[in-house]
Amino acid sequence: MTLITNDENHAQCALDDKYKKNHRLLTVQEITVLVKNHCTSSDPEWRNIWVSNDGFCPELVHECSFSGFVVIGRMQNARLKYHDLQLTEGLYSAYIENCVIGNDCVVRNVEYLVNYHIADRVILFNIQEMSATNHAKFGNGILKEGEEESSRYWIGVCNENDGRAVLAHEDMITADAYLWATYREDKELQKRFIELTENGNTKTLDTFGIVESDTVIKNTTLLKDVKIGSFAYIKGAFKLKNITVLSSEKEPSQIGEGVELVNGIMGYGSKAFYQAVAVRFILGRNCQLKYGARLLNSILGDNSTVSCCELLNNLIFPFHEQHHNSSFLIASLVQGQSNIAAGATIGSNHNSRSPDGEIQAGRGFWPGLNSSFKHNSKFASFTLASKGTYLRELNIMYPFSLIATHGVDQAVHILPAYWFMYNMFAIARNNSKFKKRDKRVVKVQHIETNPLAPDTIQEVLPAIDRLIELTGIYLRETGDESANSANDENELYCIAKDYLHHHKTDKITLFDPECQKKYGAYIFKGVQAYVEYRKILKYFSLQTLLEFVSSLDKISLSKSDITTLRELPLFTKWINAGGQVMPEEKAFELFDKIKRKEINDWKSVHAFYDECEEHYLEYKSRYAIYILEWLYSAKLEDFTSEIFKDIIADVTIVSDCMYRASIESREKDYTDFFRKTVYRNDEEMTAVLGTIEDNSFLQEMKESTEIFDRALGNIFAELLES
C-alpha cells in the first residue's frame with residue numbers, strides 16, 4: 001500500500017486543455033454554496049474543478065468529495081427519467097476523482113467514482129465502486145506500455161490447452177475467431193492476427209473508463225476498467241471488470257441482477273441477467289445470457305441464447321440455443337443453428353493424458369435429452385442425436401442424419417437423410433425461422449440460414465460415395481454374383497451404384513466401421529438415403545440457378561449464362577466461417593493479403609468478407625452446375641431434353657414433398673392420440689394450439705412452393721429450345 005498526499009495527487013492530474021475551452025473555474029459564490037452543501041475538494045482553493053460555461057447550478061451538488069481534476073457539464077433543475085426511475089440532475093453523496101461528467105447527468109450515491117469520462121444524460125445511481133486504471137484495455141487482447149506478453153488475455157476456444165486461443169477485440173465476429181482458431185499451422189498468419197488486434201493501440205498509460213450517452217447504471221457493486229456504450233441499462237450487477245459493453249440507441253444492451261462479467265466483450269443488443277457469469281468471453285450481437293449460465297473462455301455467436309448451464313472453451317456460431325440447467329458444453333466448435341437439449345453433456349471427459357480433446361459439430365447440431373458425447377467426436381451438418389450415452393468417439397459423416405446408441409459395446413445406429421424422410425417440416429422451416437429471429441440492426445457477420453448451401457452440399461457428395469462403397473461391400477458379403485465377379489474396386493463401385501439406382505425400395509442395412517471407434521455403426525435405409533441425397537443435390541442446384549437468373553431479371557437459364565458462370569473459378573471446398581459460407585480458397589486469398597500487409601486491421605478483414613458475400617451467389621451458382629454435372633457425368637451443355645425434364649420432375653417432387661410433408665408433420669400435433677389426451681375436447685385444444693390453417697409458416701410455404709414450381713418450368717426453357 002502506498003500513501004499519496006492530496007497535493008501529490010492533484011499535481012499528477014492536470015486538466016486536458018481541450019476542456020478549458022468550454023469550461024471555467026468555480027466562482028467564489030459557487031464555492032460557498034458547495035461548502036454549505038457539505039462538499040469538499042482535495043484542492044483548498046477548489047481550482048481542480050471546472051464547470052460548464054453553458055450553465056452550472058451548485059445547488060444541485062450535495063455531500064460530494066472531489067479529488068484530482070473534475071470537469072462538470074451543464075446542470076439544470078430538471079429530471080432524468082428511465083422507466084419508473086426519476087432523478088433530479090446533479091451530484092449527490094459521491095466521491096469523484098479525475099472524472100469528466102457530461103451535460104444533464106445524475107450521479108447519486110456513488111461511493112467511489114475514479115478516472116471516468118461520463119457522456120451526456122447518464123444516470124449513475126447506488127454504485128459502490130466505479131473506477132478505471134490508466135492501463136485499462138476494456139476486454140481487448142492488447143498490451144499497454146511496459147506490459148509483458150504474458151499479460152495478454154486470451155480466449156481459449158475449442159480446446160482447453162489453449163492451442164486454439166484467440167485475442168478478443170471490439171470488432172471481433174465469429175468468422176474472425178474461426179479463421180484464427182483453425183489455421184494454426186500458419187505461424188506468420190498467427191503473428192499477423194495479433195498485429196491486426198494491436199492496430200490503433202497507442203499503448204500509452206492515459207486511459208479513462210467510458211460511459212457513453214443515455215446510459216443508466218444503478219444498484220451495482222463494482223465496475224472496474226469498463227467501457228459502456230450509449231443507451232445501455234445496467235441494474236443490480238455484481239461485478240463488471242475489464243469489459244466493453246457495446247450498445248446503441250437501435251441496439252441497446254442490458255445487464256441485470258447478480259451478473260458477473262470479467263475480461264470480455266458484450267455485443268450490441270445483448271442481455272445478461274439473473275446471476276449469469278462470463279469470464280474471458282465474447283458475446284455477439286443480440287445474444288442472451290441468463291439464469292445462472294456460466295460462459296467461460298468462450299465466444300458466443302450472434303442471435304444466441306444460453307440459460308442455466310455451463311459452457312467452457314467453446315467457439316459457437318450464430319443461432320445457438322441452450323436453455324436447460326443440467327446441460328454443458330466443453331471444448332467444442334459448434335457451427336450454429338444448434339439446439340442443446342436438457343441434460344446433454346457434450347465433451348464430458350477427455351480420452352488422452354492431457355485435457356486437449358475437442359468436439360466439432362456442423363450447422364444444425366441437435367443432441368437429444370440426456371445425451372452424452374466424448375472427445376474427440378465430429379458431426380456432419382444437421383445431425384440429430386437421440387437420447388443416450390455415447391461411450392465411444394464418433395465420426396458422423398452423413399449430413400441430415402439421425403443417430404442412436406444401441407447399448408454398451410454396440411454399434412451405433414444411423415439413419416442418413418432422416419430430416420428429409422421424416423421431419424420435412426423442421427428442415428423446410430429452418431431458413432424462415434432463423435431469418436425471423438435475426439434481430440440485429442447492423443449485420444456485420446453474414447449468416448447462411450438455408451439448410452441446403454455449399455457447406456452442407458459438399459458433405460452430401462462424400463456421403464453418397466460412402467453409401468455406394470458400403471453397398472458394394474454389402475453385395476459381396478451377401479453373395480451377389482456380379483459383385484463377387486468384379487475385377488477391381490472401380491467395377492464394384494459401378495455395380496453398387498447401379499444396384500442403388502434400380503432397387504429404390506430395398507431395405508438393406510450397411511455397416512460403416514469409421515463412424516464409431518471400435519464398434520462402428522449400422523446404416524439403416526441406405527438405399528432410400530442415397531435416393532434422398534441425390535434429390536437434395538438436384539434441389540440445391542435448381543434453387544441456386546433460379547436465384548441466379550432472378551438476379552439477372554430473367555426466368556430462364558441461357559447458354560450465355562452458362563458460359564458466364566464457367567468463366568468463374570470453380571470452388572468445390574467450402575468453409576462455414578462463423579456463419580458465412582465461403583470458398584476456402586477465398587480464405588487463403590485473405591490470408592495472403594494479411595501476410596503481405598495489404599490488410600492491416602479487422603475492419604478491412606470484414607470488408608473482404610463483404611466482398612465474398614457480394615459474389616456468393618455467383619460462386620455457388622458455378623458450384624450448382626458442377627453438382628448437376630457430377631450427378632449425370634456429363635457437361636450441362638450436353639444434357640438431353642430427357643435429363644432436363646428428369647431434373648425438373650425430381651425437383652418438383654421434392655418441392656411438393658416439402659410442402660406436403662411439412663403439413664403432415666404438423667398435422668401429427670393435432671391428430672396424435674396422446675397429444676390430445678391433455679385436452680377435454682377439440683375446442684379446448686384449438687383454443688390452446690390454434691389450427692393448422694393458422695400456421696403462418698405453412699401459409700407462406702404454400703405460396704412460395706407454388707411460385708417455385710412455376711419457376712421450375714421455365715428454368716431450362718431456352719436450353720430445351722436450342
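Colleague: What makes you say that β3 and β4 pair?

Modeller: Keep in mind this is a predicted model. Two strands pair if DSSP finds at least two bridges between them. Strand β3 (residues 49-52) and β4 have three bridges, in the parallel sense, so they pass the cut-off of at least two.

Colleague: Which residue does Ile 72 stand opposite in β7?

Modeller: Ile 101. Strand β7 (residues 90-101) runs parallel to β4, and nine bridges join them.

Colleague: And how do you know that β2 counts as a partner of β4?

Modeller: Strand β2 (residues 40-41) has two bridges to β4, again parallel. The requirement is at least two, so the pair counts. Ser 41 has Phe 66 as its bridge partner in β4.

Colleague: Why is β4 called mostly covered?

Modeller: Buried means under 20% relative accessible area. In β4 (residues 61-72), nine of the 12 residues are buried, hence the label. Over the chain of 722 residues, 56% count as buried.

Colleague: What makes β5 and β6 a hairpin?

Modeller: Strand β5 (residues 79-82) and strand β6 (residues 85-88) run antiparallel and are joined by four bridges, with two residues between them. Tyr 82 has Leu 85 as its bridge partner in β6. In the turn, His 83 has a positive phi of about 55°.

Colleague: Why do you call β30 and β37 edge strands?

Modeller: The open sheet has six strands in the order β30-β33-β35-β36-β38-β37, with mixed pairing. β30 (366-367) and β37 (509-512) each have a single partner strand, so one side of each is left without a neighbour in the sheet. Further in, strand β33 (residues 384-385) and strand β35 (residues 402-404) run parallel with two bridges, and Ala 385 has Ile 403 as its bridge partner in β35.

Colleague: What lies across β37?

Modeller: Helix α8 (residues 454-477) does; it lies across β37 and β38 (521-524), running at about 110° to β37.

Colleague: How do you know that the length of α13 agrees with a helix of 12 residues?

Modeller: Helix α13 (residues 584-595) has 12 residues, and at 1.5 Å a residue they should span 16 Å. The end C-alpha atoms are 17 Å apart, which agrees.

Colleague: Which residues of α13 are buried?

Modeller: Glu 584, Lys 586, Ala 587, Leu 590, Phe 591 and Ile 594. They cover an arc of only 155° around the axis, so they sit on the same side of α13.

Colleague: What do the buried residues of α13 pack against?

Modeller: Their partners are α4 (174-182), α5 (187-198), β39 (574-577), β40 (580-583), α14 (602-614) and α15 (616-632).

Colleague: Why are α7 and α19 called roughly perpendicular?

Modeller: Helix α7 (residues 424-437) and helix α19 (residues 696-715) pack at an angle of about 105°, with their axes 11 Å apart. Angles of 65 to 115 degrees count as roughly perpendicular, and therefore this pair gets that label. Residues that meet there include Phe 425 and Arg 429 in α7, and Phe 697 and Met 701 in α19.

Colleague: What makes Asn 134 partly exposed?

Modeller: Its relative accessibility is 36%. Buried is under 20% and exposed is over 50%, so that value falls in between. Asn 134 is in the loop between β10 (123-131) and β11 (154-155).

Colleague: How many residues apart in sequence are Asn 134 and Asp 206?

Modeller: They are 72 residues apart in sequence, and 5.0 Å apart in space, C-alpha to C-alpha. Not counting residues up to four places away in sequence, Asn 134 touches Asn 115, Thr 204, Leu 205, Asp 206 and Thr 207.

How values were computed
Residues are numbered from 1 along each chain as its sequence is written. This is a predicted model: local features need pLDDT of at least 70, side-chain atom pairs count only at pLDDT 80 or more; totals for chains, interfaces and linings use all residues. Side-chain values use heavy atoms; hydrogens and water are left out. Buried means under 20% relative accessible area, exposed over 50%, partly exposed in between (1.4 Å probe, protein chains only). The expected span of a helix is 1.5 Å times one less than its number of residues. The arc is that of the directions from the helix axis to the C-beta atoms. Contact means heavy atoms within 4.5 Å. Axes are lines fitted to C-alpha atoms, for helices over the stretch in contact, and angles run from 0 to 180 degrees between N-to-C directions. Angles under 35 degrees count as roughly parallel, over 145 as roughly antiparallel, 65 to 115 as roughly perpendicular and the rest as oblique.
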